[in-house]
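Q: I have a protein model open and want to learn to read it. Where do I begin?

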Amino acid sequence: MERAKERQFGKLLMQWDKEKNRRSMPWKGEKDPYKIWLSEIILQQTRVEQGLDYYNRFVQQYPTIRHLASADDAAVFKLWEGLGYYSRCRNLIATARHVVNDLNGIFPASYESILTLKGIGPYTAAAITSFAYNLPYAAAAGNVMRVLTRYFGIRQSISSSAGKNFFTTLANRLLAANDPATFNQAIMDFGATVCKPQLPLCSGCNLQKHCTAFKEKLTDSLPVKEIKPAKKQRWFYYAVIEYKGAAYIHKRAQKDIWQNLHEFYLEERSSQTDPNELAAGIMQQLNAGKGSMVTTISKMYRQQLTHQAIHGCFIHIRLKKKIKIPGYELYEKSAIRKLAFPRFITGYFEDAASGFR
């Protein structure tokens with residue numbers, strides 16, 4: 001019975017793809033493994049709508065893996081700015097240079113060899129392998145697992161390691177071996193446009209009659225996810241220390257969030273702090289000198305990351321005399337615009353009051 005339902009799933013999915021799937025994206029049907037890899041790295045933990053423009057800009061700026069491998073790190077990070085999860089960008093650069101320098105510029109062609117590349121896990125390796133080389137590897141991403149849990153009525157968590165292995169095995173069993181690339185794209189598109197996380201389009205779904213979640217009214221409760229632990233809360237208070245139109249900035253080098261991105265003078269606190277008191281302390285600590293002043297204190301900003309939330313504000317200090325701050329350099333505003341910053345800071349830039357637009 002289950003095997004029959006599995007066969008029916010594949011038949012109905014491919015029918016939907018042929019007759020109703022109108023989802024258009026620049027990487028669909030792409031066979032260049034470099035461009036497929038680029039799209040998959042960009043789309044890790046990023047919505048398609050957000051990643052689309054980044055993909056187009058990267059392909060325009062770096063049309064081949066050799067172009068990317070020879071690019072300046074700062075330029076690549078600037079192009080990536082705003083996408084978040086910057087370890088992806090570091091891995092992108094490292095892998096491009098590995099392929100060019102160690103593999104003669106030829107992207108690996110097997111699942112096992114692709115899996116050894118930095119920043120590539122089982123899902124991404126399967127996606128590249130199937131789309132570029134049409135090899136039978138199922139790409140069991142979140143969209144895919146959601147479709148499978150609902151159609152088959154599976155109550156196993158999709159966020160656990162055991163659950164991910166289970167759904168990968170199931171997806172491989174369902175895979176259309178004669179055309180895995182089309183099957184993988186079809187189920188991803190179906191999950192994104194029909195079997196959506198909220199408000200799925202069940203009324204017009206041609207899989208509805210065989211869908212366990214629909215028949216048993218489980219659509220809202222599937223897929224099952226493990227309860228995540230409370231996120232860490234961090235408080236970042238940035239002092240925008242300005243002297244004659246230039247500001248003190250440094251690059252984050254420690255192994256923490258936003259590594260290799262730039263930032264202003266930072267005071268981190270474990271809990272919320274009065275920015276006015278903090279501003280006075282910073283002025284004293286820097287020995288800012290007579291005539292220097294705090295000009296503005298911004299509103300509070302917040303950025304939600306995977307495992308932590310960042311809160312804080314920006315304290316604008318105008319110096320009367322030039323000072324030395326270890327680890328920081330003065331950058332003119334024209335130079336600042338070329339540096340890569342975390343989204344927390346670019347959000348501040350986008351506010352007219354910041355003066356850095």
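A: Begin with burial. Of the 357 residues of the protein, 50% count as buried. Buried means under 20% relative accessible area, exposed means over 50%, and partly exposed lies in between (1.4 Å probe, protein chains only). This is a predicted model, so local features need pLDDT of at least 70 and side-chain atom pairs count only at pLDDT 80 or more, while totals for chains, interfaces and linings use all residues. Residues are numbered from 1 along each chain as its sequence is written, and side-chain values use heavy atoms, with hydrogens and water left out.

Q: How many helices and strands does the protein have?

A: Helices (H or I, at least four residues) and strands (E, at least two) are DSSP runs, numbered from the N terminus. Here there are 15 helices and eight strands. Along the principal axes, the C-alpha atoms fill a box of roughly 85 × 50 × 35 Å.

Q: How do I read strand pairing, and which strands pair with strand 2?

A: Two strands pair if DSSP finds at least two bridges between them. Strand 2 runs antiparallel to strand 1, joined by two bridges. Strand 2 also pairs in the antiparallel sense with strand 8 (residues 329-331), over three bridges. With strand 3 (residues 262-263), the pairing is again antiparallel, over two bridges.

Q: Which residues are bridge partners in these pairs?

A: E242 has A247 of strand 2 as its partner.

Q: What lies between strand 1 and strand 2?

A: The two strands form a hairpin with two residues between them. In the turn, K244 has a positive phi of about 50 degrees.

Q: Which way do side chains point in a strand, and how covered is strand 2?

A: In a regular strand the side chains alternate between the two faces of the sheet. Strand 2 (residues 246-251) is mostly covered, with five of its six residues buried.

Q: How many salt bridges are there?

A: A salt bridge is a side-chain nitrogen of Lys or Arg within 4 Å of a carboxyl oxygen of Asp or Glu. The whole structure holds 15 of them. One joins E6 and R173 (2.8 Å, N to O). This pair links distant parts of the chain, 167 residues apart: E6 is in helix 1 (residues 2-19) and R173 in helix 10 (residues 161-174). E6 is buried at 10% relative accessible area, whereas R173 is partly exposed at 41%.

Q: Which residues form a salt-bridge network?

A: R234, R252, D256, E263 and E268 are linked in one. R252 meets D256 at 3.1 Å, N to O. R252 also meets E263, at 2.9 Å. R252 lies in the loop between strand 2 and strand 3, and E263 in strand 3, so the pair ties together parts eleven residues apart in sequence. R252 is buried at 1% relative accessible area, and E263 is buried at 2%. D256 is partly exposed at 27%.

Q: Is K225 buried or exposed?

A: K225 is exposed, with a relative accessible area of 58%. K225 sits in the loop between helix 12 (212-215) and strand 1 (232-243).
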